[in-house]
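Here's a quick walk through one protein chain, from its overall fold down to a single side chain. Have a look at the model first.

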Amino acid sequence: MSFSGFSEQDFDCMTVPGLEPRMEAIIDQVRPKLTSLGNMVSPYLSALCGEEMYPHVAKHARRKVNPPNDTWIAWASNKRGYKALPHFQVGMFSTHLFIIFAVIYESPNKVVFADYLEKHTAKVKKLVPDGFYWSTDHMDPSGTLHKDSDNESLKTLADRLKTVKKSEIMCGLRLERDNAILRDGDQLLTTIEETFTTLLPLYKGSF
């Protein structure tokens, strides 16, 4: 099994006008790469986490009018779905690839991770690399660089997870679409694996 990375044309799929044409572009061009990536990373991630991690490619099945702005592959410990669980993702907006750990609003583990983040703020501040970023909305391509976060802002993230019903949290690496790593499948796989290894304490802290 080989993986060639992502091309400029893959990112262009995310700006095709209209729901059906964009979905067609994603399904034809991007989804096969995400599926391949999912199968290749699963054994590594399963060994890393100490439990079977199953790949789930985004289907965007609920969309009836608006085309998706991003698409992704997620890994979680449940074969049937990932949204209710802390999970890992690799995905793309038109501007960049993201490699993240996520606890989204459907997950009851939000409070567990909030408690972990609140209790271990200083530890998290040290273990997350400066170049990683935090996000509180999986539909928003922006975020806050970890180097611009202090202990107080991390505690604010934890408090928001506990008190806001639709709150969610993501942390990881962003690679701009022109980054040469994206064109090198082997190098990108290594980067993904290294990123997930770095994020493992956050994943463990969410249970």
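## The fold in order

What pattern does the chain follow when read along the sequence? The answer is α-α-β-β-β-β-α-α-β-β-α-β-α. That comes from six helices and seven strands, where helices (H or I, at least four residues) and strands (E, at least two) are DSSP runs, numbered from the N terminus.

Before going further, a word on the ground rules. This is a predicted model, in which local features need pLDDT of at least 70 and side-chain atom pairs count only at pLDDT 80 or more, while totals for chains, interfaces and linings use all residues. Residues are numbered from 1 along each chain as its sequence is written, and side-chain values use heavy atoms, with hydrogens and water left out.

## Overall size and surface

The C-alpha trace spans about 45 × 35 × 35 Å along its principal axes. For 207 residues, a compact globule would have a radius of gyration near 17 Å, and the chain's 16 Å agrees with that. (The radius is taken over C-alpha atoms, and the globule rule is 2.2 Å times the number of residues to the power 0.38.)

Of the 207 residues, 48% count as buried, meaning under 20% relative accessible area; exposed is over 50% and partly exposed is in between (1.4 Å probe, protein chains only). As for contacts (heavy atoms within 4.5 Å), take those with a separation of 6 or more: 63% of them join residues 24 or more positions apart.

## The sheet

Strands of a sheet pair through backbone hydrogen bonds, either parallel or antiparallel. Here, seven strands make an open sheet in the order E1-E2-E3-E4-E7-E5-E6, with antiparallel pairing. At the edges sit strand E1 (54–57) and strand E6 (144–145), each pairing on one side only. Two strands count as paired if DSSP finds at least two bridges between them.

Zoom in on E3 (residues 87–92) and E4 (residues 96–103): they pair in the antiparallel sense over six bridges. Which residue in E4 is the bridge partner of Gly91? It's Phe98.

## A look at Lys162

You'll find Lys162 in helix H5 (residues 151–163).

Leaving out residues up to four places away in sequence, Lys162 touches Ala114, Asp115 and Glu118. Phe11 is another story: Lys162 and Phe11 are 151 residues apart along the chain, and their C-alpha atoms are separated by 35 Å.
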